[in-house]
Amino acid sequence: MIGIFHVFMWYFLLILYMGQIKGVFGTYEPITYKTGCSLWGVIFIIAGVSMIRAARHPTQGVITFALIMNIFCIIVAVIASILTTIELSSFNSVSYRNYGQAKLGREVSRILLISYPLEFSIALAYSIFGCIGLSRHRNEDSLTTVTEEAESTF
């Protein structure tokens with residue numbers, strides 16, 4: 001859900017910033033817009049889908065993929081938080097025609113900044129549980145092989 005929200009916010013920012021008029025002071029193009037930071041929500045969507053699949057069909061490969069995606073989400077959330085903080089800490093003056101769009105875009109960035117720690121904590125919790133699930137899955141596999149070896153010797 002957070003990933004879908006981020007993708008919709010990226011689309012909103014895309015429409016918002018594309019409608020700017022070149023003025024004397026130029027247009028407002030923040031670093032998060034140039035890097036497509038909100039579009040990184042696709043990574044959150046893929047991680048969410050992999051977590052749901054790991055919950056329904058817990059094989060070692062699926063759990064490992066979900067764990068890797070969650071770790072990747074943690075990295076992306078930290079980078080996005082840093083970029084958004086850098087964006088919000090500095091504001092160059094823009095043309096008076098684009099001031100309203102720049103102000104609205106900065107408010108959207110503030111909202112997204114609130115959601116990054118939420119995504120970080122969710123991905124961290126699922127990473128921890130994914131590690132626990134992998135250790136249990138490996139223990140079950142090793143117990144099965146020990147049992148099979150014991151049966152084969154008799």
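**Reading the inside and the surface**

A: Helix α5 gives the most to the lining of the largest cavity, with 3 residues. This is a predicted model, in which local features need pLDDT of at least 70 and side-chain atom pairs count only at pLDDT 80 or more, while totals for chains, interfaces and linings use all residues. Residues are numbered from 1 along each chain as its sequence is written, and side-chain values use heavy atoms, with hydrogens and water left out.

Q: How many helices and strands are there in the protein chain?

A: Helices (H or I, at least four residues) and strands (E, at least two) are DSSP runs, numbered from the N terminus. The protein chain has 5 helices and 0 strands, and its elements run α-α-α-α-α from the N terminus on.

Q: What is a cavity, and which residues line the largest cavity?

A: On a 1 Å grid over the protein atoms alone, a cavity is a set of points where a 1.4 Å probe fits but cannot get out; lining residues have an atom within 4 Å of a point. Grid points are joined across faces, edges and corners, and a volume is the space filled by probe spheres set on the points. Searching the whole structure gives 1 cavity of 30 Å³ or more. The largest cavity has a volume of about 70 Å³. Its lining consists of Trp10, Leu13, Thr32, Tyr33, Gly36, Cys37, Ser38, Thr84, Ser109, Leu112 and Tyr116. Two or more of these residues come from each of α1 (2–18), α2 (31–35) and α5.

Q: Which classes of residue make up the lining of the largest cavity?

A: Ala, Val, Leu, Ile, Met, Phe, Trp, Tyr, Cys and Pro count as nonpolar, Asp, Glu, Lys and Arg as charged, and the others, Gly among them, as polar. The lining of the largest cavity has 6 nonpolar, 5 polar and no charged residues.

Q: What is a pocket, and how many residues line the largest pocket?

A: A pocket is an open set of grid points with protein on both sides within 12 Å along at least five of seven lines. The largest pocket holds about 230 Å³ of space. It is lined by 13 residues, and Met1, Ile2, Phe44, Gly48 and Met51 lie nearest its centre. Helices α1, α3 (41–56) and α5 each give two or more residues to this lining, with the largest share, 6 residues, coming from α3. By class, the lining has 10 nonpolar, 2 polar and 1 charged residues.

Q: Is Gly105 buried or exposed?

A: Buried means under 20% relative accessible area, exposed over 50%, and partly exposed in between (1.4 Å probe, protein chains only). Of the 154 residues of the protein chain, 36% count as buried. Gly105, in helix α5, is buried because its relative accessible area is 0%.

Q: Where does Leu134 lie, and is Leu134 buried or exposed?

A: Leu134 lies in helix α5. With a relative accessible area of 9%, Leu134 is therefore buried. Its C-alpha atom is separated by 8.9 Å from that of Thr59, 75 residues apart along the chain.

Q: Why does Leu124 count as partly exposed?

A: Leu124, placed in helix α5, counts as partly exposed because its relative accessibility is 36%.
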